[in-house]
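Dear colleague,

I am passing on the structure below, and my notes on it follow directly after. Please read them with the coordinates open beside you.

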Amino acid sequence: MAMSVGPRRVRKAAVLLAAAATVAACSSSSGGGGGGGQGAGPTGTPTHGGVVRVAEAPSTFPNAIWAFDTPAQVTTVNTSQFQQLMYRPLYYWGLDDKVSLDADVSIGNAPTWSADGKTVTIQLKSWKWSNGEPVDAQDVLFWINMAVAETANSAYYTPPNASIGAKYFPDDIASATAAGQTLTLTLNTPVNQTWFLDDELSQVTPMALAWDLTGPGKKGSCATDAFGSDAAKTDCAADYAYLSAESIKGADWVGSPIWSVVDGPWQLKSYNGSSGAYDVVPNTAYSGPQKPYLDEVDFVPYTADTAEYADLKAGSSSANAIDYGYLPPEDTAPFNAKDPNAGNPLAGAGYYVINPTYLDEISYYQINFANANVGPLFKQPYFTKAIQDTVDQQGIINGIYKGWGYPSTGAVPAKPAGNPLSPKSQSEQAVYDTAAAKQLLTSHGWDTGSSPATCTSPGTGPNQCGAGIAAGTKASFTLDYPSGQAALDTLAADMRSDAAKAGIAINTVSQTQNTIGNEGVACTPAQPAGCQWQALLYGGWVYSPDYYPTGDALFATGAGPNVWSFSDPKLDQLIVKTTTGSDINDMYAYEDYIAGDQPVIYNPNPLTVYVGVKNLHVDAGDPFQGYEPEYWYYTK
């Protein structure tokens, strides 16, 4: 999300942030809390200086530095936890644990609209890049030109749907001009202005003119070409070929003439692409608000959460001490809403439990509608409903996560507060009923007398297995999930066992987080590997940067993060209404309809249990799973 595991439209990582990452998206629990609140932490006078060592999720670390991500790259681990430390988006959300725009730390001032609702003007603040150049409207147009030219490679792109008159960013832009600090966009038609700011402009990250290169020292023209011109498409394609290749060469990031030009509060000091370790230090030329207190933040890799917990147990003054880490679910105390620090197993080691942050997320695993073998199963709503009914969300929360979590009950997050929930969505409850799931299969032509169940009545009738499902087909599929976390091993085993009670066989296979991220691409002629995977537990979706949860970024036909190839023409029509009108009932109609669809298999949202050393003050958390270490400090 970066689907949690993520797209900002982020997949969040399918783990805890430091375990976290829907993908995103992705990131990508599959989930985890963002920053974390003060908990029982210090409130003393801030000091300047010091180093904070942060525990990374097992086998999970950034693998792309350019803030123009592909669908496979757009996880919270890459975006909100890494890229945004150095490269600030045009608009920023999530400080103080709120689902709202943070005007003070956004580069752009509030957009102004023409009377006809078709032209939007954005005035940029007077920020500077670390090389002294201004962050101006041309840098924004650079990103937009790239988005127009590279729709096939953009994680944020949703293609137009001519049959229903739907156009999304950047296809809905008729013209764009940059003059100094002023960007002017004229749209083809009026839009829902809240949606355009929260979901479309939120995608944009200004790109330095120093990045306008087609090769080492070879100046490009993508940034300065006229919007929509043939020259822009050609020149941006040349830039993309070079920059996208440089973006994944981790060994070259530090000191790169491209990536060392930053406008955020941090810059990269070191990066190890083999282990995943990286360090950031303050950008001394940072011109935005809230300069860092700390001298350095070091991100420490682990291959298993047991190793991370061993370092925590060794104490906050040990040789490998972690200053900001997480408790594996099996080592947490039961959740106490009144006092999250109650029962803290690491109090004697010098740590306090940080108040949990509720991410603006939905957790799920993806099912590949385009897989030739199991896609026909997933295209049957009764079949995916049967799978969903075997997921014991509350049991998982109470057992594996010891109360640290809450269910996913639909496409719009029920927590935290701030999302436009329909009355129906507000009343939704997670269902666990393996008997009902088994009956769904039996009533649709499956013999559930053995496991897995077998299709004995092929065909498209109301009591038959459904289109594309041949006689003898087994109710079976393979689910890949992230390795290195005992809680996820238990989760996978529980889901496998409960599904078997209904006659559904789930073959669970553990893979590293980054392996699953690379697997999770859409099935296309250019990406045949995307046709092979069957189901992926990659975390879910943090609604960032699509902060207004209309679904165009995730569930619309052809949406970049929709790598599981889900498509519903009626849903597409409802989605486009949410983007073009301002009637809240359009949003409610979308929510209520998708509740009857089953585009993914929902899982519970675990709360990552973060701990900090007793003299470390951290920010109040980020519901979009980001890090804002410029607000962290040690106390006297």
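How many positive and negative side chains does the protein chain have, and how far apart do the centres of the two sets lie? There are 32 positive and 60 negative side chains, with the two centres 3 Å apart, where Lys and Arg count as positive, Asp and Glu as negative, and His and the chain ends are not counted; each charge is placed at NZ of Lys, CZ of Arg, CG of Asp or CD of Glu.

This is a predicted model, in which local features need pLDDT of at least 70 and side-chain atom pairs pLDDT 80 or more, while totals for chains, interfaces and linings use all residues. Residues are numbered from 1 along each chain as its sequence is written, and side-chain values use heavy atoms, leaving out hydrogens and water.

The protein chain contains 14 helices and 25 strands (DSSP runs, H or I of at least four residues and E of at least two, numbered from the N terminus). Of its 636 residues, 61% are buried, meaning under 20% relative accessible area with a 1.4 Å probe, protein chains only.

As for Asn-419, this residue sits in the loop between β15 (405-406) and α9 (423-427) and is buried, at a relative accessible area of 11%. Its side chain reaches the backbone oxygen of Pro-413 at 3.4 Å. Beyond its neighbours within four places in sequence, Asn-419 is in contact (heavy atoms within 4.5 Å) with Val-99, Asp-360, Val-412, Pro-413, Tyr-547 and Pro-549.

Conventions:
Buried < 20%, exposed > 50% of the residue type's maximum accessible area, 1.4 Å probe, protein only. Polar contact = N/O pair within 3.5 Å; in protein donor to acceptor, adjacent residues only side chain to side chain.
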